[in-house]
Amino acid sequence: MLRTHSSVVSGSVALHYFDPSERWRPDDMDIYVPAGRRKRVLLFLETAGYYTVDRGRAIKPDYGDNCGVISVTTVCNGDKTIDVISSCSHISIAPIVRFHLSAVMNFLSADGFFCAYPSLTAERRAICNSTPFGHGQPSPSTVHAYVKYAHRGYTLRRSPLEFDNSDHICRRNMLCPLMVRNTFDAGCMVVYFRAGLTAVRQAAGVDIVKYLVVWQMGDKDCKTGERYGSTHAFAFVKVA
Ligand SMILES: [Zn+2]
């Protein structure tokens with residue numbers, strides 16, 4: 001189903017896949033679908049015994065500011081709940097690279113697992129993504145999400161330099177919020193579910209097979225706080 005509909009699983013299920021030793025258990029499953037695919041995915045889930053309990057409501061607080069999500073539909077099957085989340089574009093992972101925290105920029109596709117900040121996430125450290133709220137303050141819903149992950153044992157900072165007084169050249173370090181990252185760069189971790197995938201398939205997600213997705217988490221120098229002009233909160237380039 002994920003492959004057929006160019007969709008991925010993200011949220012707490014993907015994070016728990018990365019580190020199943022977490023003290024918390026994943027809550028609902030979140031399936032991210034491209035714009036225009038929601039109805040077909042819901043139809044598939046209906047045939048699997050799921051029924052809709054909350055149809056196409058506005059985005060829920062956890063998704064944060066300017067998150068690239070159009071709507072969320074919740075379906076249930078007994079004690080199993082799935083949120084079907086419509087991306088604002090034809091790329092299902094568009095909202096994932098705009099998430100409020102680096103620790104949740106992960107997804108499971110039909111072919112593999114993708115993590116944008118594996119070293120930080122393995123240490124239960126997370127960088128706050130300031131790009132979605134621009135030069136203002138995070139909304140109460142984003143603050144709510146920060147608190148949720150702090151309770152789950154994550155340490156949240158604006159820059160990786162604030163964790164351990166390390167140093168780096170801004171915009172040249174994979175963990176720097178100013179670094180323009182993409183889904184093919186060396187900072188990402190991809191785990192394949194089976195051997196023998198073609199080079200194209202090895203890009204893990206159905207979306208990043210066809211598109212190189214670009215993101216950036218902030219616009220301030222880690223040491224000086226100096227603001228840079230443009231940001232790349234989300235962009236994509238067709239590669240196949
Ligand atoms: Zn930096």
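Which residue in β2 is the bridge partner of valine 8? In β2, that partner is tyrosine 32. The model is predicted: local features need pLDDT of at least 70, side-chain atom pairs count only at pLDDT 80 or more, and totals for chains, interfaces and linings use all residues. Residue numbers start from 1 along each chain as its sequence is written.

**Strand pairing**
- Strands are DSSP runs (E, at least two residues), numbered from the N terminus, and two of them pair if DSSP finds at least two bridges between them.
- Strand β1 (residues 8-10) pairs with β2 in the antiparallel sense, over three bridges.
- Strand β2 (residues 29-33) runs parallel to β5, and five bridges join them.
- Strand β4 (residues 69-77) is antiparallel to β5, with eight bridges in the pairing.

- Aspartate 83 in β5 is the bridge partner of aspartate 30.
- Aspartate 83 is also the bridge partner of threonine 74.
- Two residues lie between the strands in the hairpin of β4 and β5, where glycine 78 takes a positive phi near 65°.

**Burial**
- A residue is buried if 20 or more other C-beta atoms lie within 10 Å of its own, exposed if 12 or fewer, and partly exposed in between, with C-beta atoms placed from the backbone.
- Strand β5 (residues 80-87) is largely enclosed by the rest of the structure, because six of its eight residues are buried.
- Four of the five residues of β2 are buried, so β2 is largely enclosed by the rest of the structure.
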